[in-house]
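Dear colleague,

Please find the structure below, followed by an account of what was found in it.

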Amino acid sequence: MRFSRLGASALALAGALMAGTAGAQTLRIALADDPDALDPVTTAAQTAVTVLYTMCERLLSTDTDLNILPGLVESWEWSDSGTELTLHLVEGQNFQDGTPFNAEAVQAGINRARAPGSQRANDISSITDVSVVDPYTVLITVAEPAAQLLSKLAGPTGVIFSPAQVAAMGADIGREPVCIGPYRFVNRVAQDSITLERDPDYRFAADYAFDSIVFRIIPDDSVRLANLQSGDVDLIEKLDPSNAGSVADPAQYTVMQNLSPNNQALMFNLNRPGPMQDPRVRRAFELSLDRQAIVDVAFAGQYIAANQFAAPGTVFYDTGHPMPARDPEAARALLEEAGVTLPVPFTILVPNRPLAVRVGEMIQAMSNEAGFDTRLDVVDFATTLQLTNEGNFEAWGPIGPQYANDMDTLIYQVLHSTGGRNVGRYASAEMDDLLDRTRSATDPEDRRALFIEAAGVAATDIPVIYLYHQAPLYVMRADLTGVFQTGDGFLQLRGATLN
């Protein structure tokens, strides 16, 4: 590097400024979507969970291989019957508002997650009681063995808020969340930013180098990348894969690929009258699509084409239902068999994200060649959540679980009749039975077989059309080191530094 002429006083001033910056570092992270409420009980957005996991320590956590690790629960054990789970909590900790962390706080937090209307209620529906054994011991009772429960306590359900703050804020707790963790909430500017500051009283505060974290909301993929390249942010999520070449220089950037379980699909509203009520019409729509072409064109081949909730080649994939090839003629034949008038009008609600719109446009072009008149209704992500919760849509996508630490997350919430994200109102007694049994099965092989059988039912009923499995790219400055991902794909900053 060549230096220009600089006076001694200017050099001294520059040194002082650099020293001040080193003593009070801010990490700037660009998110692709504005989160909904910062509340583990109500959120349906991956970006909200990203912020919460940066702020808060969970009851349990996972490593990169999805093994369950201690958190605020330092140890646990199941009863011989498999119906009682005892949690032993860390002692001597306080929430960020000074409220003591104890068994009563955990009891209140889990019961809040169990309450009607909670996004987490179906995750932990097997719980029948949460009781306080002593100040730092909690006993959870389940109706039958619950294979998924530990993974749920390592997910959003494991984020426990201060009971005092919950009492003060009520349903608005997501506006000013208070938990236990390395960073505490400072403020939020809608559609712009969320600011956190380091909590010096947190038990592992010394392991966190940054005095503050600023999440910037930048939905446009190219603008997000430009902000990284200009130095206005230090890390971005969800790089457009077609731009991977622009960050290939390891001297400038570090790229991480998230390979956690996930899927993106087209979800049908089966509670809305119309031609899509007929599974033959839904099958015809599926046959109009070339999933691999979507992956190759929209994602530069970085993602994995999908036709089930689990990815091909994994142990949960049903090989008896391979991915169908695109066949517009067969699609038209099915439409004629169903007796519908061509072209079949169809509207897809698409989140206003550049890559999602790109996928939507490819789906539109492919299906219109096979007897459909597909139109796109492109709106911001928050509005899609509102419209789908109200049932005011015909189909929604590409959408789906973007993270999971257990297969249960990918399918139960979406395809069980009581699932919190079953906005399509799919109801199948056979599917419900299989998914309920995946939760009570304690033998991993039995559980795997049940998931595979459920995948076959979904492939037959077509309540959703799976499109692809994401493998999103995170990009950061090369001098940002020590950042890693959990097995469910969330960034961890413990030990991270910006040199």
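A325 is exposed, with a relative accessible area of 59% (exposed means over 50%, buried under 20% and partly exposed in between, with a 1.4 Å probe and protein chains only). This is a predicted model, in which local features need pLDDT of at least 70, side-chain atom pairs count only at pLDDT 80 or more, and totals for chains, interfaces and linings use all residues. Residues are numbered from 1 along each chain as its sequence is written, and side-chain values use heavy atoms, leaving out hydrogens and water.

The loop that holds A325 runs between strand 14 (304–305) and helix 9 (328–338); helices (H or I, at least four residues) and strands (E, at least two) are DSSP runs numbered from the N terminus. In sequence A325 is 35 residues from D290, yet their C-alpha atoms are 6.7 Å apart in space.

Turning to the helices, the axes of helix 13 (residues 429–440) and helix 14 (residues 444–461) come within 9 Å and cross at roughly 160°. Helix 13 is therefore roughly antiparallel to helix 14 (angles over 145 degrees count as roughly antiparallel, under 35 as roughly parallel, 65 to 115 as roughly perpendicular and the rest as oblique). Helix 13 contributes E430, M431, L434, L435, R437 and T438 to the contact (heavy atoms within 4.5 Å), and helix 14 contributes R447, L450, F451, E453, A454, V457 and A458.

Helix 12 (residues 407–415) also has its axis within 12 Å of that of helix 14, at a crossing angle of roughly 40°, so helix 12 is oblique to helix 14. Here M407, D408, I411 and L415 of helix 12 meet R447, F451, A454 and A458 of helix 14.

Yours sincerely

Terms used: Axes are lines fitted to C-alpha atoms, for helices over the stretch in contact, and angles run from 0 to 180 degrees between N-to-C directions.
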